[in-house]
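Biologist: Thanks for sitting down with me. Could we look at the model together and talk through its fold and its backbone?

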Amino acid sequence: MAKRVLMTGNEALGEGAIRGGCDCYFGYPITPQNELTAYMARHMPDHDRTFIQSESEIAAINMVFGASVAGARSMTSSSSPGVSLKQEGMSYLAGCCLPALIVNVMRAGPGLGDITPSQADYFQATRGGGHGDYRTVVLTPATVQEMHDFAAEAFDIADRYRNPVMILTDGRLGQMMEPLTLWDKEAAPPAKPWALTGAAKRIKRTIRSYYAGRVPENNARIQATLRKIEQNEVRFETYMMDDADIMLVAFGTAARLCRGAVDCVRADGIRAGLLRPQTVWPFPHEAIAGYCDQLKTVLTVEMNAGQMVEDVRLAVEGRTPVRFYGTIGGDVPSVADVVEQIRLLTTGSES
Amino acid sequence: MSEIALYTRPQSLEDVSMHYCPGCGHGIVHKLIAELMDEMDLRDKTVAVAPVGCSVIAYEYWDVDCTEAAHGRAPAVATGIKRFRPDAFVLVYQGDGDLASIGIAETIYAANRGENFTTIFINNTIYGMTGGQMAPTTLPGQVTTTSPTGRDVATMGYPIRMCEIYDTLEAPSFIARTMLDSPGGIRKTKTLIRKAFEAQVAGQGFSVVEILSPCPTYMRMDPIQAMKHIKDKVSEYFPVKIFRDRTAE
Amino acid sequence: MSHHEVIFSGSGGQGLMFLGKVLAKLALDAYEHVTFFPSYGAEVRGGTSNCQVILSATPIASPVVEHASAMVLMNQPSVDRFLPQLPAEGMAFVNSSLASAEGDNVVLVPASDIALELGDVRAANVTIFGTFLSQVPIIDKAVALAGIQAVSKRKGDKAVEINTRAFERGLEFLTAAAK
């Protein structure tokens with residue numbers, strides 16, 4: 001087994017992106033993702049790649065746009081308030097069919113909120129976020145190892161579909177350290193016969209989302225890509241689901257807590273299991289629906305006021321009761337809190 | 001007897017009709033840029049950035065690789081392009097609303113970093129594409145749809161002089177303001193754009209040419225009057241000159 | 001059971017993050033799962049600076065300690081904040097030079113005084129870490145000393161020497177006190 005190293009989630013993500021072939025990083029300071037920007041400032045020049053601290057999050061996402069236009073693997077990172085500012089740029093990336101990686105290390109909102117970890121940007125991340133009909137592939141790591149691996153893989157996904165990819169994580173995963181094995185596959189960016197390189201010996205290329213009178217054609221192309229992504233890129237992991245009659249659904253930090261809670265209640269004979277989406281768009285609708293017949297209850301656990309639970313309900317389509325437990329405003333539940341919620345469900349169903 | 005072509009369409013300009021209003025300055029500047037691309041052999045390595053504004057579809061007129069940019073963000077987009085492809089010739093084309101209002105942060109910071117691209121800044125003192133609203137460069141007293149009784153500097157502020165602001169920064173290599181007021185002004189404009197292009201080719205860093213340009217439609221004048229207005233009124237507020245030229249260094 | 005949850009807390013500059021990172025890093029070979037979680041942001045700039053380390057044979061649900069096996073508390077605000085959460089089976093190591101605390105499972109170590117005596121008050125963290133490892137042997141003591149020496153090297157030979165003596169004094173503190 002390769003040697004393990006200890007890194008913060010933010011740094012592991014940065015190293016993963018570098019190993020995944022990130023050519024250009026553009027970012028603006030905001031807590032709790034600053035270790036990532038600092039990591040890229042230290043290490044991108046070692047690899048002869050571009051790092052710029054931009055004048056704003058808006059400038060950063062538009063630099064990402066420009067680098068992507070030119071054929072680069074480019075990325076930016078921020079935290080919730082900063083990611084709100086990037087939404088315009090993300091809409092343009094999607095409208096122009098450009099690959100890019102955007103990292104959101106979520107903190108509490110709305111507004112300035114707090115720097116404490118949160119999952120309250122789920123709607124923004126999974127519904128496109130900016131204006132127009134589009135979606136972003138949204139990867140949701142739950143360990144520092146996944147922060148690293150997903151960052152390395154994100155560029156392949158983005159390039160494969162020419163669509164932006166987001167890593168949606170939170171301040172706790174960003175700040176904590178865990179051991180990981182470093183990504184050792186060689187980055188292999190595909191040829192980009194659409195990139196702007198100067199039109200020597202060929203006809204000119206244009207990158208645009210403005211198609212007066214012809215937007216339906218462009219949007220149909222985008223929608224066809226999104227259907228392909230839905231078919232190919234759904235990722236999730238299950239834990240103790242074989243005989244479960246209570247299914248927890250949670251992602252990221254909340255999913256770790258749920259796994260711990262499943263272990264606790266299993267010791268008491270409660271048959272709980274966990275389904276953990278590793279992509280929240282595309283969402284594992286079918287996988288969740290597939291368990292309905294064996295379930296008494298679904299419990300969705302989130303660090304927000306109830307966002308992913310709407311997708312869970314869409315997947316379940318009324319076949320199983322769907323309950324929600326969440327903490328708001330930057331509070332993070334403890335394992336004991338989740339255990340208590342599961343116990344309440346079982347006593348509730350017996351009475 | 002053989003024919004001698006005294007004038008031909010530049011190779012880098014597409015053979016299509018432009019959508020601009022009669023007397024608009026955009027078409028003139030597009031042509032000057034295309035002529036220089038031909039003369040300086042830049043067409044094959046150009047990556048251009050089109051703005052949001054009347055020239056939003058500039059990519060339909062130049063025969064070069066070109067991308068759109070969100071309103072005001074062209075300098076950031078150009079930064080990303082140029083940093084990844086330092087050998088490309090990167091051309092940014094922006095109007096006054098794009099460059100001096102919504103995108104002023106990107107404008108200042110790209111210039112301040114000395115990003116090695118060239119900005120052609122069309123200042124016609126108006127928002128044309130959206131129907132004649134007040135621009136950051138609209139003159140005091142000028143009537144627009146959003147300053148219907150004329151720009152009142154007491155509540156709407158003064159027109160912003162961008163070259164003077166650029167000139168406070170250390171990094172830019174070439175800063176000039178010119179005007180499309182006459183055939184002589186057009187020739188002078190071409191000379192200055194050439195210098196700005198040369199600065200980029202020589203790797204001297206950020207270069208910009210601000211062009212006072214006619215918008216007869218929203219200046220509510222005929223084309224001749226609009227050019228005269230530029231000379232008499234617009235250039236009075238926005239002095240035409242070379243602010244900085246490091247191309248000789 | 002091979003599962004340990006440790007809280008290190010003190011004021012900024014007392015080297016608690018350092019201890020937590022050293023412990024987490026040195027535990028990589030002995031434990032499949034390791035987490036290190038720092039307090040950060042505004043919290044760091046006033047009051048207590050703390051970090052939490054969990055070592056386990058099984059996946060760690062939360063990097064935030066819920067059942068502390070041990071605490072290293074370097075100042076009074078840390079004692080006031082964390083000691084009430086100490087389970088009956090846990091142990092707390094309190095820097096009695098700067099804080100007071102009571103309890104059956106509280107070990108008082110005048111770490112700052114010992115470090116001052118050795119020539120550098122900043123070695124208080126390593127001193128109390130020695131005492132902590134003497135009672136809670138979650139990683140090998142020789143490995144711990146080698147790790148501390150390796151990190152101290154960046155600050156010069158003097159730092160290595162003082163930290164080595166501080167660690168050894170801490171390690172022997174309870175047996176020496178019992179004599």
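Modeller: Gladly! With 249 residues, chain B would have a radius of gyration near 18 Å as a compact globule, and its 17 Å agrees with that. Keep in mind that this is a predicted model.

Biologist: How many helices and strands does chain B have?

Modeller: Chain B fills a C-alpha box of roughly 55 × 50 × 30 Å along its principal axes, and 57% of its residues count as buried. Its secondary structure comes to 9 helices and 7 strands.

Biologist: Is Thr125(B) buried or exposed?

Modeller: Thr125(B) sits in the loop between β4 (118-123) and α5 (153-156) of chain B. It is not a glycine, yet its phi is positive, about 65°. Buried means under 20% relative accessible area. At 0%, Thr125(B) is therefore buried.

Biologist: And what is the relative accessible area of Arg162(A)?

Modeller: Most residues other than glycine have a negative phi. Arg162(A), in the loop between α7 (144-161) and β8 (164-170) of chain A, has a positive phi of about 50°. Arg162(A) is partly exposed, with a relative accessible area of 28%.

Biologist: Which residue does a cis peptide bond join to Gly109(A)?

Modeller: Look in the loop between β5 (100-108) and β6 (114-117) of chain A, which holds a proline. The cis bond there has an omega of about 0°, and the partner of Gly109(A) is Pro110(A).

Biologist: What is omega for the bond from Trp281(A) to Pro282(A)?

Modeller: Pro282(A) lies in the loop between β14 (279-281) and α11 (285-290) of chain A. The peptide bond from Trp281(A) is cis, with omega near -5°.

Terms used: Residues are numbered from 1 along each chain as its sequence is written. Chains are lettered from A and ligands numbered from 1 in the order in which they are written. This is a predicted model: local features need pLDDT of at least 70, side-chain atom pairs count only at pLDDT 80 or more; totals for chains, interfaces and linings use all residues. Side-chain values use heavy atoms; hydrogens and water are left out. Helices (H or I, at least four residues) and strands (E, at least two) are DSSP runs, numbered from the N terminus. The radius of gyration is taken over C-alpha atoms; the globule rule is 2.2 Å times the number of residues to the power 0.38. Buried means under 20% relative accessible area, exposed over 50%, partly exposed in between (1.4 Å probe, protein chains only).
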